[in-house]
Amino acid sequence: MDEGTRLYCPNVKCPKRELHQIFKWVSSLDIRDFGDTLIRALFADKKISSITSIYALSEETLSPYFLNEESLSQDKKSLGAKKVAASINARRTVKLSSFVAGFDIEGIGETLVEKLIAAGYNTLDDLLSLTEEQVASVAGFAEIMARTFVQGMKENADEMRALVESGTITIEKIATDGALSGLSFCFTGELSIKRSEAQEIVKNLGGTVKTSVGKGLSYLVTNDTESGSSKNVKAAKLGIPVIDEAAFRKLAGI
């Protein structure tokens, strides 16, 4: 089945699809040292077959993929195996958007999941309970994408719930009563901090981040409030306050 970007198998038990999901999970959670070659070898040997199985890996299981038989017979320790195991265990607490994106639902990345979270669906149960109509009503989604999301969540629901309920994965709580709760921000221009850092500040304080200026935006944050940029002009037309970094920091209390 050709979805335009890559061949896509509709069979959830398709080995190629299972392998691709493991790759996506490792990428979304940034599990370092866990390279593609190692993943393929473990998958071929049936040591891993799903996201859940990644967390059953141990140094002992991984060592044969780093050491030869002679080294193993001498009970030598593998630094590589230790690093991979540590990296996996370091990624047991994750953002909700990363968690969902990691399940490799066709076309659904972190940015789209964050749009749903910003719309108020900020728990795993909320996202699992969404209907196609509810998803389609959120900016950035359309009917086909909404159907894909709801179907993908349904297909992965059992494993998603099992990972969380077993304590294998902990999803970070999203602030709903922080200093920026109920407010939305769009950033433009060069600030003294990276844009990604500013966006994280907003999210951690209960606010939402938008990538464009439109109705409902609370503030446009820029390095030059007098600039004639398209975003500044549009914000002015819509009556959206344009503030500098100092004003943003004051709102955030930082």
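Mentor: In this predicted model, ring pairs join F185, F187, Y219 and F248 into a cluster.

Trainee: How many aromatic pairs does a search of the whole structure find?

Mentor: The search returns 8 aromatic pairs. One of them is edge-to-face: F141 and F149, with 6.3 Å centre to centre and 70° between the planes. F141 and F149 are both buried. Another pair, F185 and F187, is stacked, at 6.5 Å centre to centre and 20° between the planes.

Trainee: Why does F185 count as buried, and why does F187?

Mentor: The cut-off for buried is under 20% relative accessible area. F185 counts as buried because its relative accessibility is 0%. F187 counts as buried because its value is 3%.

Trainee: Turning to helix α12, which residues are buried there?

Mentor: First the general idea. An α-helix has 3.6 residues a turn, so residues three or four places apart point the same way. In α12, which spans residues 195-204, the buried residues are A198, Q199 and V202. They lie on the same side of α12 because they cover an arc of only 100° around the axis.

Trainee: Which residue just after α12 takes a positive phi?

Mentor: That residue is G206, with a phi of about 90°.

How values were computed. Residues numbered from 1 in each chain as written. Predicted model: local features only at pLDDT ≥ 70, side-chain atom pairs only at ≥ 80, totals over all residues. Heavy atoms only, no water. Buried < 20%, exposed > 50% of the residue type's maximum accessible area, 1.4 Å probe, protein only. Helix = DSSP H or I, 4+ residues; strand = E, 2+ residues; numbered from the N terminus. Arc of directions from axis to C-beta. Phe/Tyr/Trp six-rings, centres within 6.5 Å; stacked < 30°, edge-to-face > 60°.
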